[in-house]
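Q: I am new to this structure and would like to start with one part of it. Please take a close look at the salt bridges, and then at what surrounds them.

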Amino acid sequence: MLELDAMVKHFPFRDSLGRARGAVRAVDGVSLAVPKGSVLAIVGESGCGKSTLGRLALRLIEPDSGSLRFDGEDILALKPAALRSKRREMQLIFQDPFASLDPRMTVEAAITEPLILHKLHRGRQRARVAELLERVGLRPELARRWPHEFSGGQRQRIAIARALASEPRLIIGDEPVSALDVSVQAQVVNLLGDLIRDLGLTFVLISHDLGVVRQIADRVAVMYLGQIVEEAPAEKLFRNPRHPYTRALLAAVPGQGGALKLLEGDIPSPIAPPAGCRFHTRCPYAEAICREVPPPLVQAQEAAGQIHLAACHFQDTLPPATPIREAAADARLARLQSFFIPNREPTA
Amino acid sequence: MNALDVDRLSIQFHTDRGVLQAVDRVSFSVAAGRTLAIVGESGCGKSATALAILGLLADNAEVLGGIRLAGAPLTPEAQRSARGRELAMIFQEPMTSLNPAFTVGEQVAEALRLHEGLSPRDAMARAIAMLERVRIPDAARRAKQYAHQLSGGMRQRVMIAIALACKPKLLIADEPTTALDVTVQAQILALLDELKRETGTAVVLITHDLGVVQDHADDVVVMYAGRVAEKASAAKLFAMPQHPYTIGLLGAAPRLDSKRARLASIEGTVPDLRNPPPGCRFAPRCPFAIAACEITPPLVELAPGHFAACIRAPLDVVLAA
């Protein structure tokens, strides 16, 4: 289980004379727990701090304050050598499979590298590479090819195989399917779902795409300007969003959102976030208190037995959320689409 | 009369590694005040089609077929004089389309001065009015700012103001909101709808997102590997999709209302257009393909105004079997 507590990361910046001029408050007091074998999605728009949070969760960057535990172990207390060996269990998948694979390494070399680094499967590394390629739906013969010979979807499969090579228990995917075309994205989403289930992975999905989040995540945390504004089981968050920002995000999804109540204006700068509730400058329900008092992230009373947190002064008195549009029951379309749904992803 | 008629448009790119047939005999029309969406994935030819209409393709492109703007043939000379006047465009990345050395107000005013012959003072006053019209708050102050001082959403609003300043007959919007956050995307698309209603401009909306098509298009052309796979009104396309590619694409997009056991996934990848498969270009990825798909399927009208290029359509016959 992964636990982050009161994580803070500010990026200071200086002017041309080297004087401190302020800081981007990328992550500003975030606490999260991801139970073993579950998928937590962190959603939000650009600049909300979700990618920084992902890097903090793997200690790829050092927090200003806060604590980080993985299976009870204090990751921030680890010495560099111990952290390196811990990294075997914690892997990251990036958005851009064109940037994350070394163009001068064959697929086999790229996937063997973590095996050598962590001294795994000595004497049978070639066989292990073949297993990993099959696991992500690629033919083992492709091992001797170079990254440029593959499409975006195939490269992302290779990047996943490389991440799986060290047999991690935790994977953080930072927009892992955002660069892919829809038809290929669906293949990789299905693959990730299979891997998470079959390998019992703990997975943190960082995404701006609410559809992908709905398909993979068990729980969802919504970030706005460095803070979590709502966190709930996926079903609850999509059915009964309590925070006005979550509602606005859902309503804005083209083709599927509710009756559109558009948010005014742009996301404020994380250098100088608004006082009080950071969302108050765009919130249709904001009142005087919202401009002054930051709302605490509190448990919803109605969420019987489930943890459903929201940070809004008026979450109990807001009008009901406009529901997301249900897909029309279309038996013809469903039957035709079933021809496109294999039980397992075929070998590509 | 249609604002735009595209008749059997073909585009070939001559590259070092051979001839690439990016667009193959694509035809469609857009009436004034309507939005036609061209939807498809990377490499389907949707952007090349847009650039051909604008006359902005690179030198290694060879264009065949006819393009008419309000009935008049769009020759290269006609394109040059129409661009920024009857023929306007907005692109995905407004930062690269705006000039960093001039204020945004000057850039809107320049369009008005060039095409309407206004005095500098009148042009600036009109430019500020245009910025207000695209809902830029505090427009008089924003007009004095440079592109880098504005957010992505604001920059796209400035691009729309420039595009619409001269009341174009046709606006081509190539992935206008792809670089924007979802809440800002919703604002920009709603603004485009509203301006289209007010001005009667015809819009060609190039997008990869079927959700955007569903909410904002009147008519749809689905493209795959350079060809039209399906063409219909948006209402008909979503009610009764006919081409297997459209059906697969609809099933591949995750839904918000429920978690699906598995998404429909279209196996394989798009073909190399230097060496496309014979016959139907979608056949290698199509679960409905049969031997006869090796012959190029004609675009057939299956219902009034609803066309699909698939010899297996209507697929309801396949279901009944």
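A: Let's begin with a word we will need: a residue is called exposed when its relative accessible area is over 50%, buried when it is under 20%, and partly exposed in between (1.4 Å probe, protein chains only). This is a predicted model, in which local features need pLDDT of at least 70 and side-chain atom pairs count only at pLDDT 80 or more, while totals for chains, interfaces and linings use all residues; side-chain values use heavy atoms, without hydrogens and water. Residues are numbered from 1 along each chain as its sequence is written, with chains lettered from A and ligands numbered from 1 in the order in which they are written.

Now to the pairs. A salt bridge is a side-chain nitrogen of Lys or Arg within 4 Å of a carboxyl oxygen of Asp or Glu. Over all chains, the whole structure has 43 of them.

A friendly place to start is B:Asp24, which forms a salt bridge with B:Arg25; their closest N and O atoms are 2.9 Å apart. B:Asp24 counts as buried because its relative accessible area is 8%, whereas B:Arg25 is exposed, at 52%.

In chain A, A:Arg162 pairs with A:Glu113, again through a salt bridge, with 2.9 Å between the closest N and O atoms. This pair links distant parts of the chain: A:Arg162 is in helix 5 and A:Glu113 in helix 3 of chain A, 49 residues apart. (Helices are DSSP runs of H or I with at least four residues, strands are E runs with at least two, and both are numbered from the N terminus.) A:Arg162 is partly exposed, with 27% relative accessibility, and A:Glu113 is partly exposed too, with 35%.

What lies around that pair? Helix 3 of chain A spans residues 107–117, and its buried residues include A:Val107, A:Ile111 and A:Leu115. The cover over its buried residues includes helix 4 (125–135) and helix 5 (152–165) of chain A. After helix 3 comes A:Lys119, which has a positive phi, near 55°.

In the loop between helix 5 and strand 7 (170–174) of chain A sits A:Ser166, buried with a relative accessible area of 0%. Contact here means heavy atoms within 4.5 Å. Not counting residues up to four places away in sequence, A:Ser166 touches A:Arg88, A:Gln91, A:His118 and A:Leu120. Its side chain also makes a polar contact with the side chain of A:Gln91, at 3.2 Å. A polar contact is a pair of N or O atoms within 3.5 Å; within protein, one must be able to donate a hydrogen and the other to accept it, and residues adjacent in sequence count only if both atoms are side-chain atoms.

Next comes a linked group. A:Asp71, A:Glu73, A:Lys86, A:Glu89 and A:Arg169 are joined in a network of salt bridges. One of these members, A:Lys86, lies in helix 2 (residues 80–86) of chain A. The salt bridge between A:Lys86 and A:Glu89 has its closest N and O atoms 3.6 Å apart. Both partners are buried: A:Lys86 at 11% relative accessibility, A:Glu89 at 14%. Leaving aside neighbours within four places in sequence, A:Lys86 is in contact with A:Phe70, A:Glu73, A:Ile75, A:Leu78 and A:Arg169.

Salt bridges also cross between the chains, where the count is three. B:Asp215 forms one with A:Arg325, the closest N and O atoms being 3.1 Å apart. The elements giving two or more residues to this side of chain B are helix 8 (182–199), helix 9 (210–216), helix 11 (244–252) and helix 12 (316–320) of chain B. By class, that side has 26 nonpolar, 15 polar and twelve charged residues; here Ala, Val, Leu, Ile, Met, Phe, Trp, Tyr, Cys and Pro are nonpolar, Asp, Glu, Lys and Arg charged, and the others, Gly among them, polar.

How many residues meet there? In chain B, 53 residues are in contact with 57 residues of chain A. Across this interface there are also 29 residue pairs in polar contact, both residues at pLDDT 80 or more.
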